[in-house]
Amino acid sequence: MLLTKKLNPLRKKIIYSIAAFLLIGGIIGFNYYQKIFGKAITKDTLLFINAKDRLEDVKNKIAEFSNNTETFLWVAAKKSFSKPKPGRYVLKEGMSNNYLVNILRSGRQTPLKVSFNNQDTLEKLAGRIAQQIEADSISLIDTFREQSFLSKNDFTAKSVLGMFIPDSYEFYWTVSPEEFRTKILASYKRFWNKSRLEKTKKLNLSVAEVITLASIVHKETAQQTERPIVAGLYLNRLKKGWPLQADPTIIYCVKEIKGQAYHVKRVLTADLAIKSPYNTYKNKGLPPTLIAMPDISAIDGVLNAQKHKYFYMCANVDKIGYHSFAKSLTQHNKNAAKYHQWMNKQRINR
């Protein structure tokens with residue numbers, strides 16, 4: 001009994017030491033676990049990593065939505081990770097440093113939807129695309145206008161705009177201009193399927209000519225229900241050998257002279273004398289290329305043009321945004337006079 005009593009303090013000391021060791025070990029272990037697997041990202045966000053970014057740059061970028069950026073660097077060091085792969089990464093609230101390091105190491109970025117519509121020029125289109133992916137507008141334009149590509153696919157520096165069918169496309173943020181161009185070309189070829197090609201042939205037009213006419217129709221009316229009617233009218237004129245006399249082509253000519261920022265609400269008589277192959281008042285037939293990017297409803301409006309006997313059209317002042325159609329010049333002149341009176345009353349001189 002005496003021996004047992006003498007050993008009790010020693011046993012207690014050992015027990016306390018073990019308990020303290022386990023407690024400290026547990027705290028350290030928990031701390032390590034939290035650094036590696038605990039909640040590091042505090043809100044849903046997007047992280048963009050450029051090719052030149054280092055870990056220190058990543059640390060700075062995640063600072064506003066990270067619990068502790070130093071723990072990110074600590075975990076990266078433990079996993080021997082030093083160079084993040086470029087990309088657009090979707091980060092979710094509660095994501096751990098371990099998961100973050102893993103996706104940056106593997107380049108497991110999330111694709112995005114790139115959309116564009118109704119761009120008047122290739123420059124505007126490239127600017128719109130550059131707002132959504134890493135590539136800049138200059139590199140995109142240079143790639144789209146690469147001579148070998150144009151020649152191989154029967155495009156010109158102006159007609160290549162017709163390759164872009166307005167829609168939403170899925171890309172990675174880091175897609176190269178060449179990869180982007182390849183996917184758009186593939187989509188263009190899919191769009192011109194057997195059905196559309198057969199309709200094109202029945203119109204006795206080429207794909208490029210359909211796109212050119214669609215661009216005029218697109219600019220002529222924003223009303224999708226009117227587009228087959230407008231397309232039918234222009235096709236009637238083409239069959240008769242008449243000039244199209246399409247005001248959107250005149251506006252195109254004016255902007256080529258004055259610049260794309262120049263605003264035209266009214267076509268003047270003097271504009272009709274502009275010397276340009278795009279002036280459809282002076283030249284018969286279709287202009288050399290499209291004058292803007294037509295949307296799908298304009299293209300299909302041409303392919304499914306309404307058959308009628310209209311040869312004239314004028315903006316309808318009784319139904320803004322729509323047109324009055326006429327079979328005879330006499331009726332058209334009445335419609336035009338009413339329209340010009342309205343324009344003068346609104347003081348729209350240009």
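Hi everyone, let's start with helix α14, where His332, Asn335, Ala336, Tyr339 and Met343 are buried. Buried here means under 20% relative accessible area, exposed means over 50%, and partly exposed is in between, with a 1.4 Å probe and protein chains only. If you look down the axis of α14, the buried residues fall within an arc of 100°, so they line one face of the helix. That arc is taken from the directions from the helix axis to the C-beta atoms.

Before going on, a word on the source: this is a predicted model, where local features need pLDDT of at least 70 and side-chain atom pairs count only at pLDDT 80 or more, while totals for chains, interfaces and linings use all residues. Residues are numbered from 1 along each chain as its sequence is written, and side-chain values use heavy atoms, with hydrogens and water left out.

Back to our helix. α14 covers residues 329–345, which is 17 residues, and it reaches 24 Å from its first C-alpha to its last, close to the 24 Å expected at 1.5 Å a residue. The expected span is 1.5 Å times one less than the number of residues. Helices (H or I, at least four residues) and strands (E, at least two) are DSSP runs, numbered from the N terminus.

What do the buried residues of α14 pack against? Their partners are β5 (312–315) and β6 (323–326), where contact means heavy atoms within 4.5 Å. On the face turned away from the buried side you will find the exposed residues Thr330, Lys334, Gln341 and Lys345. Just after α14, arginine 347 takes a positive phi of about 60°.

Is asparagine 204 buried or exposed? At 67% relative accessibility, it counts as exposed.

Now for the strands. β1 pairs with β2 (residues 87–91) in the antiparallel sense, over 5 bridges; two strands pair if DSSP finds at least two bridges between them. Threonine 45 stands opposite leucine 91 in β2.

Next, the inside. The largest nonpolar core has 63 residues, and those touching the most other members are Phe116, Met163, Phe164, Phe180, Tyr188, Trp192 and Tyr234. Such a core is a set of buried Ala, Val, Leu, Ile, Met, Phe, Trp, Tyr and Cys residues joined through side-chain atoms within 4.5 Å. The largest share of this core, 7 residues, comes from α10. Apart from this core lies another, of 18 residues, among them Ala76, Leu91, Ile103 and Leu104.

Finally, cysteines. How many disulfides are there? The count is 0, using pairs of cysteine sulfur atoms within 2.5 Å. Cysteine 253 counts as buried at 3% relative accessibility, and cysteine 314 counts as buried at 8%.
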